[in-house]
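Here is my note on the model, point by point. Please keep the structure open while you read.

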Amino acid sequence: MSNIASTNSGSRAFFMKNLFAHRQARPYVNPYLGGALLGVVLFLAFFLTGNGLGASGGLNRLVVFFEDLVAPGHVNRTPFLLSMAGGDKNPLDNWVVPVVIGTLLGGFISGWLNGRLKVETGKGPQISVRQRWLMAFIGGGFMGYGARLARGCTSGQALSGGAVLSVGSWAFMFAVFAGGYALAYFVRKLWN
Amino acid sequence: MAPFPLPMSELFTKFGEFSIYAMIGFAFGFVLEISGFANSPKLAAQFYFKDLTVLKVMFTAIVVAMVLVFGASSVGLLDYNLVWVPPTYLWPGILGGLIMGIGFIIGGFCPGTSLVALATRKLDGLFFTLGALFGIFLFGESVDAYSIFWNSSYYGRFTIPEWLNVNTGIVVLAVVLMALFMFWGGEKLEAIFGGKDPRQAPRLRYAGALGLLLVAGLVAVIGQPTTADRWARIAQEKELLLNARAVQVSPAELLANLHDTKLKVVILDVRSEADYNQFHLVDARRVELKELPEMSKKLLLEPANTIFITTSNDEGAATEAWKILVAESVPNVYILEGGVNNWLAVFAGEEDILPVTVASAESLRYDFPAALGSKFKAALPKLEEYQLEYVPKIELKNKRGPGGGGCG
């Protein structure tokens with residue numbers, strides 16, 4: 001932040017350059033501290049709104065929003081999509097949408113403050129960047145499909161449902177870990 | 001006590017409400033980022049026991065939030081009945097979880113963390129998010145082909161204390177203990193597979209663990225509020241409604257509402273089985289008073305256009321039922337004015353029933369030629385046969401609270 005404050009140029013390009021300038025990335029916080037802070041955020045979400053957190057629901061509404069733009073008739077004929085859109089209903093008119101926008105912003109600001117905005121691709125040492133992109137897309141596809149099948153992702157089911165002791169959310173959480181561990185050995189080249 | 005959850009759209013308008021959600025999301029994204037959740041190799045290391053950050057962050061968050069939620073509930077700051085508990089669809093949840101586990105180890109993120117990776121300009125986060133959008137699209141296009149499975153093994157709002165039939169406080173304490181045990185084991189695994197030295201981790205974590213245990217113990221000792229506790233908190237305000245007869249609905253209004261297709265009317269009949277079998281209103285459900293606190297959890301899941309009517313022969317038992325439901329935060333509960341006896345007096349023809357000569361309070365004051373339950377005409381009189389005049393008392397209040405839906 002200091003290097004931005006010290007410039008008086010006021011030029012937008014200069015600001016952007018500084019914003020993304022490569023700075024020494026700070027280390028991550030201790031996981032227990034991060035977890036405790038996350039727990040407080042989750043509690044505040046429940047305390048203020050009665051709802052927990054969510055992510056995949058917001059993405060789902062984005063998808064349905066575009067489907068509704070492109071093929072409104074199809075949305076009107078598909079019961080699952082109709083529950084979110086169709087007719088005059090705006091799929092983006094739901095609390096989970098501002099939560100997702102906030103998540104993006106919060107991640108960005110934290111990355112900026114901590115010098116972690118570098119454009120890069122996180123991957124294991126044995127695969128190429130392009131292979132990693134492909135795997136990220138495929139894994140994302142599984143994740144998106146499974147999250148909707150399970151009616152929630154790690155945020156909405158595991159964290160939110162886990163904290164309020166939902167039986168289904170705990171079963172779901174163990175299933176996620178089971179699925180990951182069951183496959184981990186076979187895809188070890190991706191990460192090690 | 002402040003109302004829970006905050007009636008935000010009334011207090012701050014819709015824009016303000018969405019701003020609050022955005023601020024919660026902001027804090028969520030910020031905390032995920034500082035914990036290192038934008039870094040896919042770090043997340044994937046969880047599955048090779050090298051770096052158990054995922055386990056530590058997730059379970060610390062879950063137990064901290066859990067202890068705070070149930071602590072706030074036990075001192076009356078928060079109403080657990082109005083907290084959104086993701087409903088249990090067991091097998092779709094487990095299958096979806098397994099698929100997500102596969103996606104996690106192949107793709108290196110989950111939907112929330114990929115957003116944070118995207119926001120910090122990680123290209124794998126971008127591709128993962130695109131993949132997730134594509135997977136969601138595929139789900140939307142395919143789920144209607146197997147919606148029977150997707151809606152199967154439904155247990156509603158089903159919590160671990162209900163499942164194990166154990167006191168909530170004990171479950172909270174046990175979950176904290178389980179998490180601490182997993183952290184202990186996790187640090188051992190990290191030492192073996194990741195070469196990490198647990199002695200270098202801050203000592204403060206022991207203090208944190210002890211603090212968490214103490215608060216969880218306190219939550220267990222205080223216990224969760226019973227129906228009687230909950231009623232005691234609101235009794236003063238609600239007795240006013242009872243005395244002003246603001247919640248006693250006339251038979252005429254109930255009949256009009258029964259014929260209103262925009263409403264779902266649930267009639268809860270708390271009389272004896274014998275009386276119920278003699279005569280009851282159409283679709284009335286018979287329940288014992290002592291079953292109502294349990295049942296209220298299910299009633300909370302009814303759609304927002306539901307009206308609950310409690311009935312007994314007169315009003316006494318129905319008023320007790322009303323108190324239980326209101327104490328358990330069930331919305332839109334009313335009492336049938338004068339009970340079933342009054343209903344019969346208004347709607348039953350003299351050819352169907354005979355008045356009983358000796359009648360005490362809360363007993364059925366009519367005799368029936370046969371115990372036909374709701375097969376009498378008076379169980380659902382025809383609307384057009386009556387000139388209904390009444391002062392409407394039912395106001396449908398849109399519940400906020402557990403209708404949201406976690407990732408919904």
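1. Which residues touch the most other members of the largest nonpolar core? They are B:F59, B:M66, B:F279 and B:L344, in a core of 149 residues. Helix α3 (residues 53–74) of chain B gives the most to this core, 15 residues. A nonpolar core here is a set of buried Ala, Val, Leu, Ile, Met, Phe, Trp, Tyr and Cys residues joined through side-chain atoms within 4.5 Å. Buried means under 20% relative accessible area, exposed over 50%, partly exposed in between (1.4 Å probe, protein chains only).

2. A second, separate core has 12 residues, among them B:I99, B:F139, B:V143 and B:W150.

3. A word on conventions. This is a predicted model, where local features need pLDDT of at least 70, side-chain atom pairs count only at pLDDT 80 or more, and totals for chains, interfaces and linings use all residues. Residues are numbered from 1 along each chain as its sequence is written, chains are lettered from A and ligands numbered from 1 in the order in which they are written, and side-chain values use heavy atoms, with hydrogens and water left out.

4. Look at B:F59 next. Leaving aside residues up to four places away in sequence, B:F59 touches A:W170, A:M173, A:F177, B:M178, B:A179, B:M182 and B:F183. Contact means heavy atoms within 4.5 Å.

5. Chain A has 11 helices and 0 strands. Helices (H or I, at least four residues) and strands (E, at least two) are DSSP runs, numbered from the N terminus. Of the 192 residues in chain A, 55% are buried. Among its contacts between residues at least 6 apart in sequence, 54% join residues at least 24 apart.

6. A:T121 sits in the loop between α7 (96–113) and α8 (129–149) of chain A. A:T121 counts as buried because its relative accessible area is 17%. Its side chain makes a polar contact with the side chain of A:W133 (3.0 Å). Such a contact is a pair of N or O atoms within 3.5 Å; within protein, one must be able to donate a hydrogen and the other to accept it, and residues adjacent in sequence count only if both atoms are side-chain atoms. Not counting residues up to four places away in sequence, A:T121 touches A:V129, A:R132, A:W133, B:L123 and B:D124.
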